[in-house]
Amino acid sequence: MNNKYELSSLLKWYSTMLEIRHFENILDDYNRAGNLYGTTHLYNGQEAVATGICLQLEDEDLILSTHRNHGHALAKGTDSYQMFAEIFGKKTGTNGGKVGSMHISDPSIGNMGGNGIVGGNFPIALGLATAFKMDHKNQVVICFSGDGATNEGTFHESLNLASIWKLPIIFVIENNQYAMSSDASKMIAGNIAGRADAYKMKSFRVDGQDIFEVDRVFEEARGIARKEPVLIEAMTYRFRGHSRSDAEKYRSKDEFLKYEDPILKLRNILITDYNVSPDQLALLDEKAYKKMEMDAKRAWVDEPAEFDLNNLEGEIYAD
């Protein structure tokens, strides 16, 4: 079923998903030990979406993310050591240790950043895609968001303009079933993919726990997006709480167990269809963990960020 794929590509998927999972788990350990200011929003369970999409992109393609942005950033190629340093508030962070977990960016590889405002990146995606169109470039803008953001006015306004102007945007809505503790099935009229119909926009609904499906759908969407915008609703599930303070009383263990772990799903396919041994996969797992553990330890002892209180405008805005 999956043998159209080269083994090397699948192992790259597997390693990327493991690195995202370990990054989040190690970060959570630091957070729960009281070593971080603020909170973090972990991407556990959704790794197949970021990996299946971002590994098809070129550096010149742009992504925009959300408060839950670590997985997108890592899959797009943002350096994990610099990401740890950013979240730890160190000078060596991606943004000098000044923006923290929710606003990590690295424009040099097309990561235009997360955004702490729900729905805040939809209008920014319009601007970036308009620039691509005016410059006659072949690149696309990928605007990730969660299900809760699709009830914001910016979502509808941006889909409308993107469709009218035929902008090269792919709106990727990761429906992880909850907006904080609000059940998406009780908060969203109809379904998210169907909302694209009102704006005469092509849409897809995909199993976000299956990286093969994500890869296939995104490849088709990217071909369309060079001429007009597309919406993808990825059905996925957040394995961790909304943030550290979330006691998760709104969902049951039985509900949790209904959703397949995308990493274990790919692992089973690698063993069954590609004859990769469990020992080989265990080595990849250990390699990914060691890299993330070492990056975190290295970042933790770096010098803290410094702020020039006499130049607050310069500390906030880029040149």
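**Pockets and salt bridges: a short tour**

Hi everyone, let's start with the second largest pocket, which has a volume of about 330 Å³. Of the 20 residues that line this pocket, Tyr37, Glu86, Ile87, Phe88 and Gly89 are the closest to its centre. Its lining divides into eight nonpolar, nine polar and three charged residues.

A quick word on the model: this is a predicted one, where local features need pLDDT of at least 70, side-chain atom pairs count only at pLDDT 80 or more, and totals for chains, interfaces and linings use all residues. Residues are numbered from 1 along each chain as its sequence is written, and side-chain values use heavy atoms, with hydrogens and water left out.

On terms, a pocket is an open set of points on a 1 Å grid over the protein atoms alone, where a 1.4 Å probe fits, with protein on both sides within 12 Å along at least five of seven lines; lining residues have an atom within 4 Å of a point. A volume is the space filled by probe spheres set on the points, which are joined across faces, edges and corners. Ala, Val, Leu, Ile, Met, Phe, Trp, Tyr, Cys and Pro count as nonpolar, Asp, Glu, Lys and Arg as charged, and the others, Gly among them, as polar.

Now, what is the volume of the largest pocket? About 420 Å³. It is lined by 28 residues, with His67, Val118, Gly146, Gly148 and Ala149 nearest its centre. β2 gives the most to this lining, with four residues. Helices (H or I, at least four residues) and strands (E, at least two) are DSSP runs, numbered from the N terminus.

Next, His70, in helix α3 (residues 70-76). Is His70 buried or exposed? It is buried, at a relative accessible area of 0%; buried means under 20%, exposed over 50%, and partly exposed in between, with a 1.4 Å probe and protein chains only.

Finally, salt bridges (a side-chain nitrogen of Lys or Arg within 4 Å of a carboxyl oxygen of Asp or Glu). The structure holds 15 of them. In one, the side chains of Arg21 and Glu47 meet at 2.4 Å, N to O. Arg21 lies in helix α1 (residues 7-32) and Glu47 in helix α2 (residues 47-54), so this pair ties together parts that are 26 residues apart in sequence. Arg21 is buried at 14%, and Glu47 is buried at 0%. Together with Asp261, Arg21 and Glu47 are linked in a network of salt bridges.
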